[in-house]
Amino acid sequence: MPQILENISLKKFNTFGVEASARWFVEIRDEEELAELFEDKRWKSENLLVIGGGSNMLLTKDFDGLVIRMCIRGISNEISGDDIYVTAGAGEVWNDFVNYCVNRGFAGVENLSLIPGSVGASPIQNIGAYGVELKDVFHSCRAFEIGSGQIRRFDNKDCKFGYRESVFKSELKGKYIITSVTFRLSASVQLNISYGAITQELQNRKIENPTIKDVSQVVSHIRVSKLPDPSTIGNAGSFFKNPVVSVDKFRQLQSSFPDIVHFSVDNGMEKIAAGWMIEKLGWKGKTIGHVGTWKNQALVLVNHGNATGTELYDLSSEIISDVKSNFDIELQREVNII
Ligand code: EPU
């Protein structure tokens, strides 16, 4: 039976580094421990908060319920022709998993190097960076159904992945706990280096025929130069999603803001760079009390030390209303607010 602790500080379990406590707290090391935990029916009716690396949440108050920290470890692989199936426990650190693949020459996740967080959290918001999304390499996952105590397997289609979206964030929210993820990677290297910043950095390094390792190193370099390191400056990566608008709406905006940064997406929609709008309104690098936006990336909110979750939340609300009144776009928070 996993040990349940009481009144535990969550400060070191969230990358914003804000103070909040959990009424109860438990660490889970395998699927059996999850089953044992929920044999006690009381937990099914308590508030539950499942955490991995704590890199995509903002705690705005103490959590009056049970925090379940997923610590299931282990990475293994199975080679089948050109395909390589790599299975990792939910509690593996995402970047350790990426390094495992990169070091073995398994292609597919090198663009996702250095993303903070855990493997188990990665499908929930379909993490993505530099032209690749988790859904491109996701094969399946195992998940514990809290209601029935059964393990269910989800394949790629079952997860209904979208931009920073999945079934685990919408219709099945709070119903399942992901215990492991299987990725389908490739032995034959087909690099995705079309993202401008990658192409540029490869040129700077005079690399003409990049390897998986080169791409991983270049992506890591770009991230380090743009994004604050959560171990020194509290943050949760992009705080907002990039809004997706109709072409009509986009054209209207473009006539008022000719330099607006945008990317075409499916179904004739346009994705607008939220960081650009936030910067345009003068928020980039601004500090208010203990909180602010990052000097090199306005989409990232930061804790300059001793900020509360509420201060960060209030800053995000101010930014949302400023963007709304100037661009008539309602930014959505990407980070989960607790
Ligand atoms: N931009 C600005 N000012 C800023 C930030 C961005 O003008 O302060 C403009 C620039 O023109 C830049 C463009 O926006 O070229 C895009 O910026 P960037 O490449 O940094 O990407 P992003 O759209 O801001 C998204 C993801 C990141 C991911 C990067 C790289 C979301 C919400 N964020 O950011 O993911 O690393 O692309 O692919 O989609 C995360 O989700 O936590 C995250 C960090």
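How far does a polar side-chain atom of Arg164 lie from an oxygen atom of the ligand? In this predicted model, the distance is 2.9 Å.

**Ligand surroundings**

The ligand is surrounded by 23 residues. Tyr130, Tyr163, Tyr195, Glu279 and Gln297 are the closest of them. Tyr195 also places a polar side-chain atom 2.6 Å from a ligand oxygen atom. For Lys284, an N or O atom of the side chain is 3.5 Å from an oxygen atom of the ligand. The table lists these side-chain distances.

| Residue | Ligand atom | Distance |
|---|---|---|
| Tyr195 | oxygen | 2.6 Å |
| Arg164 | oxygen | 2.9 Å |
| Lys284 | oxygen | 3.5 Å |

**Packing of H3 and H4**

Two packed helices are described by the angle between their axes and by the distance between those axes. Helix H3 spans residues 196–204 and helix H4 spans residues 212–226. They pack at an angle of about 110 degrees, and their axes are 10 Å apart. Angles of 65 to 115 degrees count as roughly perpendicular, so H3 and H4 are roughly perpendicular to each other. Their crossing is right-handed.

On the H3 side, the contact is made by Ala197, Ile198, Glu201 and Leu202. H4 contributes Val218, Val219, His221 and Ile222. Sorted by class, the contact of H3 with H4 has 6 nonpolar residues, 1 polar residue and 1 charged residue.

Conventions. Residues numbered from 1 in each chain as written. Predicted model: local features only at pLDDT ≥ 70, side-chain atom pairs only at ≥ 80, totals over all residues. Heavy atoms only, no water. Axes fitted to C-alpha atoms, helices over the stretch in contact; angles between N-to-C directions. Helix = DSSP H or I, 4+ residues; strand = E, 2+ residues; numbered from the N terminus. Parallel < 35°, antiparallel > 145°, perpendicular 65-115°, else oblique. Left-handed = near helix turned anticlockwise from the far one by under 90°. Contact = heavy atoms within 4.5 Å. Nonpolar A, V, L, I, M, F, W, Y, C, P; charged D, E, K, R; others polar. Near = heavy atom within 4 Å. Polar contact = N/O pair within 3.5 Å; in protein donor to acceptor, adjacent residues only side chain to side chain.
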